[in-house]
Structures are given as structure tokens and as C-alpha cells.
Protein chains: 2
Amino acid sequence: MNERNERTVFFLSDQTGVTAETLGHSLLTQFSGQVFRQVTLPFIDNEDKARDAVVRINAAGDSDNRRPIVFSTLVQDEVRAIVRQANGLHLDIFDEFLAPLEAEFEEAPTHEPGRAHGVSDIEAYMKRIEATNFALANDDGGIGRSYDVADVILIGVSRSGKTPTCLYLALTYGVYAANYPLTDDEFESGRLPDFLLEQKHKLFGLTIGPDRLRHIRKERRAVGRYSSAQQVRFEIRETEKLFRRYAIPYVDTTEFSVEEIASRILDSTGVERRVRVS
Amino acid sequence: MNERNERTVFFLSDQTGVTAETLGHSLLTQFSGQVFRQVTLPFIDNEDKARDAVVRINAAGDSDNRRPIVFSTLVQDEVRAIVRQANGLHLDIFDEFLAPLEAEFEEAPTHEPGRAHGVSDIEAYMKRIEATNFALANDDGGIGRSYDVADVILIGVSRSGKTPTCLYLALTYGVYAANYPLTDDEFESGRLPDFLLEQKHKLFGLTIGPDRLRHIRKERRAVGRYSSAQQVRFEIRETEKLFRRYAIPYVDTTEFSVEEIASRILDSTGVERRVRVS
């Protein structure tokens, strides 16, 4: 029937489903003995869609021969009531957490869907777009650089995670993040260029373990000096020397996801988020 | 004392705090009568840091003259027990949801922090980085374009949200998203170029309300044809004509955040996420 021993997990939302997914993942990673098949059903914002979701949940349960887990963030009581009829283990954040907040605030919740994710929040949208444009214009030491308005300037060797981290900081938090690649110029002189030192308080370093860096670089260029063990070790050693010489705070990205690198940078530098997660 | 009637909300995590923030925001937006000051305390992964957090929570409560709300995702029982001692309304997802999952799976949770956010999940990291590089190389109809390997190709006028949406799809879901700007070339001929039509099944349109588009464009260039009411209306009208002519699915981005646009594209096209939210 279900040889892979799979269990289907549903993420239901009247919005994008990102909150339900984030919640569910935090919990599911606590159980290493299970095999999950994940299905996101976003925009369940009326009773018809709720009934369709019930059909899908029940079908998955029949096929798996065990009931699905249903993580949901459904603000409309009538939608939630329909979904509840599906045969599954239901975990809904509004079911659990709305009542204590209502009591604390002595205010009734609006029960309006679509408030969680910046609908028509044009100001936050603009800030994130501007920050993204800034990150693109100031990527990889680009000539359009305007470090004077940067919130933070990441430095590190090629493929240490600078570009995705800058884009993530911009898209998620509206932070103006530039990045500058450390290359032979810096390693041979043993110093950072003046235009960086003028912004020294904004500099933040990324380093990375040599094995991980080789692995990443080989995806780009399988052979040659760029991904050789010797070159990679040399670059990392010289980079960390520069960080120490100038007392630049840095993080080792080897074990971290882009989210974690970004979060550690904000935590370490005290740079303020220009928008909050919505 | 607290004239602005503020209440401090804490987001505590042994990881980045993104899960706690996401959860909290979904719930807080249900209460429009409150004014919140938000503080994220990430990486609370030992008892010392937990005690520091308690001090900060209690200080905020004293200053506000009302107890803070504390959203948390703390997997270690001993850390959570310390945080609980702070005077606040405590809402922790592990407190609420771990027990029912444990019963369902008949498996004890690991209680290990750091599992939720892709630590050492090199495969997912690589996929997201590769997708981000793809988005950068295939942004704005760039000459490096390789639409044959794209999952989706966004088309729309300048500033309709193509670039941030592509980057978000890449960073969050590892989806290969290219974008191509519609300009006078397409509007005058009334047709799309052949290299797009060859990938017609991958095309997805973005449109936007004229007022919103003008507002966004004026941030870039305050005067001139680019942000004139006439030009903006012309471009949008011609764009939607092209979408209808070729039966290209599209979304109006006027009211949506980047997350929502991305989510609607995945929902509408059925494009599979290459990585899941972690």
C-alpha cells in the first residue's frame, strides 16, 4: 500500500501558506523517523475551496493508509470549521493562539483574511524593491557602487555567500547590503582598498570552510586553479588574516543557510530592519 | 508613562527568529487596535542567553507598564522553562504543538535546536544559489539568457515587479525564474518575439494598476514620458492585450506583496518548488 511509509503533510492558508509551512517545518524537523510528502494549498479563502481541500486531505489519507497532518493558518471561522471535517491531525495557529491574545488585548480579532501579508502596504513594498535594486547595483564590487548609503558591506572570497545574502537582506528586511569580493589584489597587498576602509564600520566578513568552498566552486568550474585545494586554502587564510588585521566582525557560513547568515549579520551589527517580516 | 499605548512584542528563537516572527505577525494583524514595538531575540540557545532574555522582557514590561507578548520557538525544555519565568504572555509553538505530533508519530522529538533551518543542508543551499545565479543572469532579458532551462519566464512592463519576484522565487524555492521586459518593440508589432513564443508554456504575465505603476516609476525618474499618466496607461493596455492574444496567464500585482505574487505564480502554473521553506 504505502511501502515508503510516507505521511502526507498539508499546509493550508487563506494567504500564501508561508506561515503554515514555516510553522510546520520547525515542528516536523523534530521527528527524524518519519517520511513526509508535503503539499501546500494556498488561498483557501472561501467555503468551496475549503471543501476541495477536505477532498484532497481525505484522498491522501486513504492513499497513505494513515491520516495526514494539517498545519493551517485560516482566519475565517467558517472555513476552518469545514477543513476540520477532514480526517487528519489538525494544528491551526488561530485555534491555539487567538483566544489568549483576545483576552490579553480585550479586543475582538478582525477575522479578516489577507491582513498578514502586506496587502497594499505600498511603503514596505517600495522599501524592499529599493533595497533589492541597491543590492543588484552594488553586487560584486560593481562600478555603480554607493557604499555611503549602504547599511552593511559584505566582504569575502568568491562563492562565500555574499550575493544571495545581500539579496535576502534586501528582499526580506529592506536592508541596503552591498558586497565586495576579496581577490589577489587584496591578498598580495595585505590591505583593503581605501574606499572600503572609509566605510570600515559597515564592513562584515564572510568566511567558509575550504572543503565546502571547493565543492561550491566545482559546480561552477570543475577544474583549474579556481577550485584547487591549494588556492581555496590560500584565499581563506588570507581573508581571515585581513578580517583580524582590521578587526572586522565575520561569520563562518559553512554550516549556515542564507536565512541564518542574514540573521547573524543583523544580530551582530545591530543594523535595523527597514521592514519587518510580514 | 506610556503615552503611545505601546505594547512590546518579543520574538524569541534558538535559531533566526523568522518562524516566531512569521507566526506572531499572522496573529497580531488580527488586532488593529494595538500599537506594537517589536524586538527579535535570535539564537537563544543556552541558559545564560535565556536569562538575559528574561531581563529584557521584564524591563520592557516595566517600561510599558503592561506585560509583553512573547512569541517563541524554543526547542530546548530547559531554555523554555527559564524564558517562561519572565512576566509576559507566552505563546510557544513547541509547547502547543509538539505533544499532539509526538502522540501521532509515536516518536519522541529530538529536542535538538538548529534542525529547522537547513544546517549543513548543502543540497538545498546549492539549489537556491544556482537558482539565484540563474535569476541574475536571466534578469531583464539579459543576453546570457537560457530560457530552455527556466521553470517560468515572467513578462511585463518596467517596474511591474518582475525582478524581485524572480529573485524571491529563486532564493526561497530554488525555482529557475527568468524575466523579460515588454517595451515599445512588442507594443508596436503587437507580438512577442520568437524566442519567447518557443517557450510559451513557461510564460507568465505581470500587470499592475496605472496609479501604482506611476507611483513606483516616479521614485526612479520623477518627470518625463516614463512616468507620465498617458505612457503608463498605454503600456498597461498593450501588455494586457498581448496576454489575452497569446492566452498567457497573468496576475495583477497592484495589491500584492512579493511573497504573494510568487505564491500565486506557483499556484497558477503548477511549477514545483525545488526546495521547501526551511
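This note goes through chain B of a predicted model, point by point.

1. Basis. Residues are numbered from 1 along each chain as its sequence is written, while chains are lettered from A and ligands numbered from 1 in the order in which they are written. The model is predicted, so local features need pLDDT of at least 70 and side-chain atom pairs count only at pLDDT 80 or more, whereas totals for chains, interfaces and linings use all residues. Helices (H or I, at least four residues) and strands (E, at least two) are DSSP runs, numbered from the N terminus.

2. Sheet β2-β1-β3-β4. Four strands of chain B make up this open sheet, and their pairing is parallel; two strands pair if DSSP finds at least two bridges between them. β2 (35–41) and β4 of chain B stand at the edges with a single partner strand each, so one side of each has no neighbour in the sheet. On average, neighbouring strands are turned by 20° against each other, direction ignored. Inside the sheet, β1 (residues 6–13) and β3 (residues 69–73) of chain B run parallel and are joined by five bridges. B:V9 stands opposite B:I69 in β3(B).

3. Sheet β6-β5-β7-β8. This is an open sheet of four strands in chain B, with parallel pairing. Its edge strands are β6 (177–181) and β8 (250–252) of chain B, each pairing on one side only. The twist from one strand to the next averages 25°. Three bridges link β7 (residues 203–207) of chain B to β8(B), and the two run parallel. B:L206 has B:V251 in β8(B) as its bridge partner.

4. Helices on that sheet. α6(B) packs on the sheet and touches β5 (152–156), β6 and β7 of chain B; its direction makes about 175° with that of β6(B). Helix α10 (residues 229–245) of chain B also packs there, touching β5, β7 and β8 of chain B, at about 155° to the direction of β7(B). Axes are lines fitted to C-alpha atoms, for helices over the stretch in contact, and angles run from 0 to 180 degrees between N-to-C directions.

5. α6 against α11. Helix α6 (residues 162–173) and helix α11 (residues 258–269) of chain B pack at about 70°, with axes 9 Å apart. They are therefore roughly perpendicular (65 to 115 degrees). B:P164, B:T165, B:Y168, B:L169 and B:T172 in α6(B) meet B:V258, B:E259, B:I261 and B:A262 in α11(B). Contact requires C-beta atoms, placed from the backbone, within 7 Å. By class, this contact has six nonpolar, two polar and one charged residues. Ala, Val, Leu, Ile, Met, Phe, Trp, Tyr, Cys and Pro count as nonpolar, Asp, Glu, Lys and Arg as charged, and the others, Gly among them, as polar.

6. Interface. Chain A and chain B each put 63 residues into their contact. On the side of chain B, elements supplying at least two residues each include α1 (18–28), α4 (93–105), α6 and α11. That side has 28 nonpolar, 22 polar and 13 charged residues.

7. α9(B). B:R212, B:L213 and B:I216 are buried (20 or more other C-beta atoms within 10 Å; 12 or fewer is exposed, in between is partly exposed).

8. B:G142. This residue sits in the loop between α5 and β5 of chain B. B:G142 is partly exposed, with 13 other C-beta atoms within 10 Å. Its C-alpha atom is 9.2 Å from that of B:A178, 36 residues apart along the chain.

Terms used: Parallel < 35°, antiparallel > 145°, perpendicular 65-115°, else oblique. Contact = placed C-beta atoms within 7 Å.
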